[in-house]
Every structure is written in C-alpha cells, then in structure tokens.
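This report looks at one residue and its surroundings, then at one pair of helices.

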Amino acid sequence: MSHVILSAIVVGIGATLAVDLWNLFLKHVFSIPSLSYCLLGRWLRHMPEGTFRHASIAVASPRAFECTAGWIAHYTIGIVFAVVFVVLSSADWLARPTLLPALLYGIGTVVFPLFIMQPSFGLGIAASRTPNPAQARLKSLGTHAVFGIGLYASALGVRYVCMTARP
C-alpha cells in the first residue's frame with residue numbers, strides 16, 4: 001500500500017509540474033498571465049488571523065513567506081488531488097493508467113478555484129468580478145484539464161519506471 005501512496009504523490013508532483021509548464025507556455029506564447037502563487041500564500045497566511053475572504057487579495061497586506069507558502073500549497077494541493085484520485089479509482093488505475101478518468105477528474109477539480117479560491121480572493125464566483133470572466137473561466141478549465149492530462153502522463157511515467165526497475 002505504501003508504494004501506491006508514494007506513486008500517487010509522484011503522480012501529483014508530475015501533474016502539478018505539467019500545470020506549471022502549461023502556464024509558462026501560456027505566458028510566453030500568448031502573454032496570458034498565471035495566478036501568482038504568492039497571492040495563494042498571502043490568502044493562506046491571512047487565515048490564522050481569521051481572514052478567509054478578501055475584497056481584493058492583491059491589495060491585502062503582504063505576509064512574510066507568502067511566496068514560499070503559496071508554492072508549497074500549490075504542490076501540496078496537486079499531491080492531495082492525485083492521492084484522492086488514486087484512492088477513488090483504485091491502485092489498478094496506477095498499474096494501467098487511462099486518460100479519460102484522469103482528464104474528467106482534472107476537469108472536475110476546477111470547482112475549487114471557481115467556487116472557493118476566486119470568491120475568497122475577491123474575484124467573485126467563477127471570476128465574475130474580473131475584467132474578462134469568460135477568459136478567466138476558460139483558463140481555469142484548461143489548466144485543470146492539463147492537470148488531468150498530467151495525472152495520466154505522470155502515471156505512465158511512474159508505471160514505466162516501476163516496470164523497468166523490477167529485477
């Protein structure tokens with residue numbers, strides 16, 4: 001069982017890395033900026049004081065180590081999502097990864113930014129208070145689809161390494 005959890009953690013790191021590469025691609029090719037994970041960290045660093053929602057996270061007072069906290073949270077969230085997916089789909093999926101369940105799960109995780117993070121950041125439900133809500137929603141959906149593809153690709157990589165490492 002421990003190898004399944006370790007594999008799921010590696011898959012989560014790989015899927016989150018896929019998201020980061022996707023966001024770099026969007027930034028450099030289409031000039032579409034990504035969420036600053038420093039703002040994620042700022043949001044989290046305000047929570048111990050009891051502040052969970054902001055009128056605008058961008059103008060909320062900065063917190064020490066917010067960027068570090070944001071990046072750690074970003075990868076931790078990706079790992080947790082991957083572990084939950086593996087638990088829901090069973091270890092058999094890790095042994096024989098398929099794209100469709102991972103893609104659908106990745107797309108399903110978009111509910112968290114749309115209905116929790118964005119409203120808490122002061123962006124409104126599903127980015128309704130942003131200058132271009134449709135673009136923001138599409139970007140969130142695409143990013144989470146990439147996460148799902150990343151789950152699949154990373155699981156293939158883990159499977160390959162595990163198969164070639166056997167004596």
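## Ser140 and its surroundings

Leaving aside residues up to four places away in sequence, Ser140 touches Val110, Leu114 and Gln118, where contact means heavy atoms within 4.5 Å. Between Ser140 and Val110 lie 6.5 Å in space, C-alpha to C-alpha, although they are 30 residues apart in sequence.

Ser140 belongs to helix 7 (residues 133-165). Helices here are DSSP runs of H or I with at least four residues, numbered from the N terminus. Ser140 counts as buried because its relative accessibility is 11%; buried means under 20% relative accessible area, with a 1.4 Å probe and protein chains only.

## About the model

The model is predicted: local features need pLDDT of at least 70 and side-chain atom pairs count only at pLDDT 80 or more, while totals for chains, interfaces and linings use all residues. Residues are numbered from 1 along each chain as its sequence is written, and side-chain values use heavy atoms, with hydrogens and water left out.

## Helix 2 and helix 3

Helix 2 (residues 37-46) packs against helix 3 (residues 66-89) at about 100°, and their axes are 6 Å apart. Axes are lines fitted to C-alpha atoms over the stretch in contact, and angles run from 0 to 180 degrees between N-to-C directions. The two helices are therefore roughly perpendicular, a term for angles of 65 to 115 degrees.

Methods:
Buried means under 20% relative accessible area, exposed over 50%, partly exposed in between (1.4 Å probe, protein chains only). Angles under 35 degrees count as roughly parallel, over 145 as roughly antiparallel, 65 to 115 as roughly perpendicular and the rest as oblique.
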